[in-house]
Amino acid sequence: MKIVIPVDEKKPESSVCVSFGRAPYFMLHDTEGKTTEYIANTAAEAQGGAGLKAAQLIVDCGANVLLAPRCGQNAADVLNAAQIKIHKAEGLRTAENLAAFQEGKLTLMTQFQAGFHGRQ
Amino acid sequence: MKLAVLSGKGGTGKTFVSVNLAAAAGSATYIDCDVEEPNGRLFLKPERLTSKTVTTKQPAFDAEKCTGCRKCVDFCRFNALVYVKAKPMLFSEVCHSCGGCRLLCPSGAISETEKPVGVVECGESGGVRVVTGCMDLGEASGIPIIKAALAEASNADELTVIDCPPGSACSVMESVQSADYCLLVAESTAFGLHNFKMVYELVRLLHKPCGVVINKADGEYIALDIFCREHGIPVLCCIPYSEKLAWLGASGQIAALADSKYAKLFHSLLDDIRKEACV
């Protein structure tokens with residue numbers, strides 16, 4: 001299973017990033033191979049639709065689960081269509097969240113921010 | 001003449017000034033471009049209403065023809081398209097209707113459909129033709145409705161008053177673009193001045209001649225006077241705060257029609273604008 005977490009820095013001790021769409025990096029952890037890699041979030045600088053573009057990135061890297069403090073409705077719709085589950089991260093410690101999820105302690109996210117943040 | 005009335009800060013009195021100028025002119029077209037919450041019609045109370053639906057174009061995908069090349073997804077600079085489970089997925093409220101995806105698709109799998117986004121309502125109020133742009137609930141952009149409403153402007157020498165949305169963003173730019181003259185309604189407060197500076201910058205950028213109406217003036221506000229003087233912006237009129245005006249507004253009346261003092265004030269403002277616009 002591949003788990004994705006938005007992170008602030010490209011290192012294991014990095015904190016979880018509070019933003020999904022505009023997180024600088026995504027940490028991709030493969031529970032089978034026990035490998036961890038970092039993907040630069042090319043959506044972070046997008047003028048609009050960052051959540052959608054970031055969700056596309058998550059879909060393309062073959063993830064099964066996203067752990068994040070929050071997530072926009074549009075991104076959630078994309079991940080849902082791709083059958084990627086979204087669980088709510090608790091606190092901002094990356095390793096703790098990864099462990100908590102694997103112990104079944106993180107609940108599915110049920111509330112999402114309104115999909116639209118401003119378009120002119 | 002096309003006259004755009006704008007203010008930056010909301011609640012400054014754009015609609016108050018616009019409606020009164022149109023009413024004072026007697027024969028005019030009033031266009032409400034504040035499509036998110038058009039309220040000029042509450043005062044003008046237009047009759048014999050007709051309504052036209054405004055639509056925007058949205059891409060539609062033919063699953064049989066789509067080869068999954070993702071060119072459309074990569075092209076969309078608004079990120080309105082994603083590719084999931086071997087098919088493109090559209091987020092219609094993010095789409096800007098540019099049509100680029102359809103042009104780019106190498107297999108001709110994309111066509112365009114019309115999506116309703118609002119209406120333009122036309123009616124009459126005495127000699128004033130009242131055009132109201134109304135955006136549908138939940139829509140993200142009023143631009144297509146503003147464009148459709150502005151298409152109803154009178155071409156002749158007759159006055160068209162464009163009641164702009166608040167702020168200084170794209171919807172205001174769209175409303176102002178065709179104007180011959182911009183009337184900036186300013187409020188003599190620090191917040192009012194801050195946003196007034198932003199719209200002033202916008203009309204300068206668009207090379208539009210402009211003048212100022214200070215509304216709800218409550219004594220002197222030196223910072224606003226100094227700014228206007230330093231930038232050579234003519235202050236055409238100063239309307240002091242008055243309970244009478246507040247009462248007329250709250251009861252849905254038009255001051256220029258209900259009170260001779262205000263009829264005179266708006267006639268004179270109209271004359272000044274016409275003189276300024278000719279320079």
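Colleague: At about what angle to E11(B) does helix H11 (residues 260-278) of chain B run?
Modeller: This is a predicted model, in which local features need pLDDT of at least 70 and side-chain atom pairs pLDDT 80 or more, while totals for chains, interfaces and linings use all residues. Residues are numbered from 1 along each chain as its sequence is written, with chains lettered from A and ligands numbered from 1 in the order in which they are written. Helices (H or I, at least four residues) and strands (E, at least two) are DSSP runs numbered from the N terminus, and angles run from 0 to 180 degrees between N-to-C directions of lines fitted to C-alpha atoms, for helices over the stretch in contact. H11(B) lies across E1, E9, E10 and E11 of chain B, and its angle to E11(B) is about 160°.

Colleague: Which strands stand at the edges of the nine-stranded sheet of chain B?
Modeller: The sheet is open, with mixed pairing and the order E3-E6-E7-E2-E8-E1-E9-E10-E11; two strands pair if DSSP finds at least two bridges between them. From one strand to the next the twist averages 20°. Pairing on one side only marks the edge strands, E3 (47-61) and E11 (235-240) of chain B.

Colleague: Is Cys164(B) buried or exposed?
Modeller: Cys164(B) lies in the loop between strand E8 (159-163) and helix H6 (170-176) of chain B. A residue is buried if 20 or more other C-beta atoms, placed from the backbone, lie within 10 Å of its own, exposed if 12 or fewer, and partly exposed in between. Cys164(B) has 30 C-beta neighbours inside 10 Å, so this residue counts as buried.

Colleague: How far apart in space are Cys164(B) and Gly8(B), C-alpha to C-alpha?
Modeller: Residues in contact have C-beta atoms, placed from the backbone, within 7 Å. Leaving out residues up to four places away in sequence, Cys164(B) touches Ala4(B), Val5(B) and Cys33(B), among others. Gly8(B) is 156 residues away from Cys164(B) in sequence, but the C-alpha distance is 9.5 Å.

Colleague: Which strands stand at the edges of the five-stranded sheet of chain A?
Modeller: This sheet is open and mixed, in the order E3-E2-E1-E4-E5. Two of its strands have a single partner strand each, so one side of each is left without a neighbour in the sheet: E3 (35-40) and E5 of chain A.

Colleague: Within what arc do the buried residues of H3(A) fall, seen down the axis?
Modeller: In H3 (residues 94-102) of chain A, Thr94(A), Asn97(A), Leu98(A) and Phe101(A) are buried. These buried residues pack against E1 (2-7), E2 (25-30), E4 (65-68) and E5 (85-88) of chain A. The arc is that of the directions from the helix axis to the C-beta atoms. The buried residues line one face of H3(A), so their arc is 100°.

Colleague: Which element gives the largest share of the side of chain A that touches chain B?
Modeller: Fifteen residues of chain A are in contact with 16 residues of chain B. Two or more residues of that side come from each of H1 (50-60) and H2 (73-81) of chain A. The largest share, five residues, comes from H1(A).

Key
Two residues are in contact if their C-beta atoms, placed from the backbone, lie within 7 Å.
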